[in-house]
Amino acid sequence: METRSRHIVIIGGGAAGMCAAISARQHLRSLGVADSDAHITLLERNTQLGIKIRISGGGKCNITHAGEMMHVLEKGFLRPAERRFLKPAFYAFTNQDVLRWLHSHGVATYVRPNGRIFPLSGKASDVVAVFEALLSTHSIEVLTNARALSVERQAETFCVHLSALRFQAHALILATGGVSYSKTGTTGDGIRFAAALGHTIVPLRAALAPIYLAQPPHPELVGVSLRHVRLIAKSPSQTFERTDDVLFTHQGLSGPACLSISRDVAEALEQSSVTMYVDFFPALSVEALEQQLLEMQRCHPTQALRTFLEAPLPNAIVPFVLEASGISLEQKWHNLSKAQRKNLLSVLKAYPLGTVQAVPIERGEVSAGGISLREIDPKTMASRLVPNLFIAGEVLDIAGEVGGFNLQAAYSTGWLAGKSAAHSLRWD
């Protein structure tokens, strides 16, 4: 079997791996090292680079999130340990750094009101094309259809085995992604490599995933979207909430609020049952909403309740809300009893969606769990256990909210890993 020697080998050609390669070359150049003297190889198991970038945002690519980096961290990573870990990387390579790359290569971007940044063309392929151009100008050897099968530590080098080839490298960067969307090639290879090298693996769970219910939504609700509602998940010991849109599907729930809450639900489901609810009026307290109901009774006694509900809610869900409240479709305000009003109030603030059956990890946009953050130096992305091993991206135990945060984490950790790998090389 042929063996090729390289200074740096990067496994994984997604956002983290591509940023790592470009960063490594930039920093080697800054040290005065000629491209011909430092060989960097990027291995990608798929036929194309950046597969998950290509499918992100429905193919439109939610590149990153707008705002100062501390704001991005706080909004996108709700767990303090993840924020602390990512902070050095986020400040080493920011959202503005990513945008400068794109803008300098003619890819214009725009910011949506919710802070999410997209290419103006609406084509994720334009974003990947910039990375491919940068890899070329930075003299990175890119091998596609090149799946790493195993990794060994041999004396002071790494041996990366492919089916008919192996690489020997001074520094190794794992940027293979997690286990979500396995059809894109994220089947946990990097998790397996890290474990073989002695790293602790935090159990893998779904994140940014749909939620399947034990009793699927009524067919009339499938495809119905609830705008800016509070999605609530309750277990016997915990309650989780997110406020955003919710979509009814054939098997349960999706939409931004569902995706954001799915990691918490998946973890809670390991210990107990979880029931989902929706608050249709998240901006109103129970007391304020009750005042609205009383006002309707007083000012519109002959109006049907459904008319009031059809203004803020999708018409398709109104019959189900009234049924859950024990109120008929033709009920008018003037003969609504106090008990019925209380029932309606309760349902509007916590409409029962059903018991969770599963949060499918294979359907998640990202996966939580992975290589323990305690074993990685956040200032360099270097392994604390294995010399000259660097880790970046979703293979780490991080998972952000929906909105471009996970891609930014991949860029930033990749950038830092590449820089650190470059500095680990000895030029005697």
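Reading a predicted barrel

Mentor: This is a predicted model, and its protein chain has 13 helices and 20 strands.

Trainee: What makes residues of the protein chain count as buried, and what percentage do?

Mentor: A residue is called buried if its relative accessible area is under 20%. Of the 428 residues in the protein chain, 55% count as buried.

Trainee: Why are strands S13 and S14 called a pair?

Mentor: Two strands pair if DSSP finds at least two bridges between them. Two bridges join S13, residues 239-248, to S14, residues 252-254, so the pair meets that condition. The two strands run antiparallel.

Trainee: Which residue stands opposite Leu253 of S14?

Mentor: Phe248 does.

Trainee: Which strands form the closed barrel, and how are they paired?

Mentor: The barrel has six strands in the order S11-S14-S13-S12-S15-S16, with antiparallel pairing. Neighbouring strands of this sheet are turned by 50° against each other on average, direction ignored.

Trainee: How do you know that helix H8 touches the sheet?

Mentor: Contact means heavy atoms within 4.5 Å. By that cut-off H8, residues 256-269, touches S11, S12, S13, S14, S15 and S16, so it is said to pack on the sheet. The direction of H8 makes about 135° with that of S13.

Trainee: What are the numbers of positive and negative side chains, and where do their centres lie?

Mentor: The protein chain has 41 positive and 36 negative side chains. The centres of the two sets lie 1 Å apart.

Methods: Residues numbered from 1 in each chain as written. Predicted model: local features only at pLDDT ≥ 70, side-chain atom pairs only at ≥ 80, totals over all residues. Heavy atoms only, no water. Helix = DSSP H or I, 4+ residues; strand = E, 2+ residues; numbered from the N terminus. Buried < 20%, exposed > 50% of the residue type's maximum accessible area, 1.4 Å probe, protein only. Lys, Arg positive; Asp, Glu negative; His and termini not counted. Charge placed at Lys NZ, Arg CZ, Asp CG, Glu CD. Axes fitted to C-alpha atoms, helices over the stretch in contact; angles between N-to-C directions.
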